[in-house]
Amino acid sequence: MFIIAYRDSGLGKTTFINTLFNAPLNDENGPKHLASAKTVAITPITYELVEENVTLHLTVVDTPGFGDTLNRETNFDPIMKYIDAQYENYLQAERSDEKRGKILDTRIHALLYFLPPYGAGLRDIDIEFMQRFCTKVNIIPVIGKSDALMADEAVLYKRTVLKDLTRHDIRIYPLYHAEDRDHIVRYEKYMPFCVIGSDDFIEKPGGRKVRARKYGWGAVEVENEAHCDFIHLREMLIRTNMQDLIDTTHSVHYSLYRGVKMGASITDSANSPAMAEEVFDGQIQNARAALVEEMRLREDEIKKQFVVKVREKEADLRYDIFDDIFSGTTSNPSKKTRNREEALNAKRIAMMEEIEAMRAQMA
């Protein structure tokens, strides 16, 4: 599995990756002088993790230098070329005699886009980047160094970012694209994920050591869900949604790339009898990819307006819960909060039933 960490220097990107994989990722390539910084560096580093006696190989592609240049217009080019190059490598391997199970998959399966813990929502560069890339890769927005935000500030910032994403039709994972819909409800309440990273440890009562950021007034623990969403993001990336990220990359993003390339190939080779069989196969694959995309678009059309309403109601529900916390009524939530939560769950169930009915009809 391949992951890209993308955003300005200084947002704790490298420290977060160190924390996520419990291994050091050097950040020596990041440019330090704005005038001398010219391009975004592409730095792949592979980690070997053991989860429940299963060895996982994950490659993180760090991008030091994004947002550090005086002229940011060309910041997108290196990462766009890198993603396309991985798709092209996979496409060429598919066209060869190599069996699919033996193809080395270096395609990008997730892109962690780091947002700063300040501002009034998405900036122009954030909007432009995510609009360009949300159709090429699974984008997961995260708020870096989120310990700079108070609890109420984090709620407001998340709500603003989600509204900006909806307004600009930016499709993020797992709210869009995900083939496994079972875990969406579990994670959407945390998005965008507030995360912190730390290379330091503190000792808890009993001698247990945990990663934390230390301050004069105390410490912020990385793996304490009361302090940030780190454990939920890690759970999604490494455990519950790892295979779905790979499957979605293949069936959605790579299929679109392959369809475009095969369409161009058909045009160039239409007059070549020697290419007739490959052209025919390409037409079939392209038709399949188009059918998958048509189905996804029809699903999106059905639920797009609904999702907007659900998010607004969910944001209001968070405020009610937040009010309960400060009024000391979390053990006995208000009737209004319970009613909204029940209505929200009922609408989610109705939406999923409608989508399943549509899928059955198309089949």
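This section describes the fold, confidence, core, aromatic contacts, cysteines and backbone features of a predicted model.

The protein chain contains nine helices and nine strands. Of its 363 residues, 48% are buried. Among contacts between residues at least 6 apart in sequence, 71% join residues at least 24 apart.

The mean pLDDT is 76, and 66% of the residues reach 70 or more. Strand β6 (residues 193-194) has the highest mean confidence, at 94, whereas helix α8 (residues 276-327) has the lowest, at 64. Two segments were found in which pLDDT stays under 50. For one of these, residues 26-39, the model has 20 contacts beyond four places in sequence. For the other, residues 269-276, the model has two such contacts beyond four places in sequence.

The largest nonpolar core comprises 70 residues, of which F16, F21, I139, I140, F193, L233 and L237 touch the most other members. Helix α2 supplies the largest share of this core, with eight residues.

Eight aromatic pairs are present in the structure. In one of them, the ring centres of Y87 and Y257 are 5.4 Å apart and the planes meet at 40 degrees, so this pair is classed as tilted. The pair connects distant parts of the chain, as Y87 belongs to helix α2 (residues 76-95) and Y257 to helix α7 (residues 242-269), 170 residues apart. Y87 and Y257 are both buried. A further pair, Y215 with W217, is stacked, with 5.1 Å from centre to centre and 5 degrees between the planes. Y215 has a relative accessibility of 34% and therefore counts as partly exposed. W217, at 65% relative accessibility, counts as exposed. An aromatic cluster is also formed by F76, Y113, F129 and F133.

R107 is placed over two tyrosine rings. The charged end of R107 sits 3.7 Å from the centre of the Y90 ring. R107 also lies over the face of Y254, where the distance to the ring centre is 4.9 Å.

Helix α7 also contains S251. The relative accessibility of S251 is 17%, and because the limit for a buried residue is under 20%, S251 counts as buried. When residues up to four places away in sequence are left aside, S251 touches E179 and V292.

No disulfides are present; the structure holds zero. C194 takes part in no disulfide, and the nearest cysteine sulfur to that of C194 belongs to C228, at 8.1 Å. Likewise, the closest cysteine sulfur to that of C228 is in C194, and the separation of 8.1 Å is too far for a bond. A disulfide would require the two sulfur atoms to lie within 2.5 Å. Both cysteines are shielded by the criterion of accessibility: C194 counts as buried at 6% relative accessibility, and C228 is buried with a relative accessible area of 3%.

Most residues other than glycine have a negative phi, and most peptide bonds are trans. Two cis peptide bonds are described here. The bond from Y173 to P174 is cis, with omega near 5 degrees, and P174 lies in the loop between α4 (151-167) and α5 (184-188). The bond joining M191 and P192 is also cis, with omega about -10 degrees. P192 is located in the loop between α5 and β6.

Positive phi values occur at K145 and D169, neither of which is a glycine. K145 has a phi of about 50 degrees and lies in the loop between β5 (139-143) and α4. With a relative accessible area of 32%, K145 is partly exposed. D169 has a phi of about 55 degrees and belongs to the loop between α4 and α5. D169 is partly exposed as well, with a relative accessible area of 33%.

How values were computed: Residues numbered from 1 in each chain as written. Predicted model: local features only at pLDDT ≥ 70, side-chain atom pairs only at ≥ 80, totals over all residues. Heavy atoms only, no water. Phe/Tyr/Trp six-rings, centres within 6.5 Å; stacked < 30°, edge-to-face > 60°. Helix = DSSP H or I, 4+ residues; strand = E, 2+ residues; numbered from the N terminus. Buried < 20%, exposed > 50% of the residue type's maximum accessible area, 1.4 Å probe, protein only. Lys NZ or Arg CZ within 6 Å of the ring centre and 35° of its normal. pLDDT = per-residue confidence, 0-100. Contact = heavy atoms within 4.5 Å. Core = buried A, V, L, I, M, F, W, Y, C linked by side-chain atoms within 4.5 Å.
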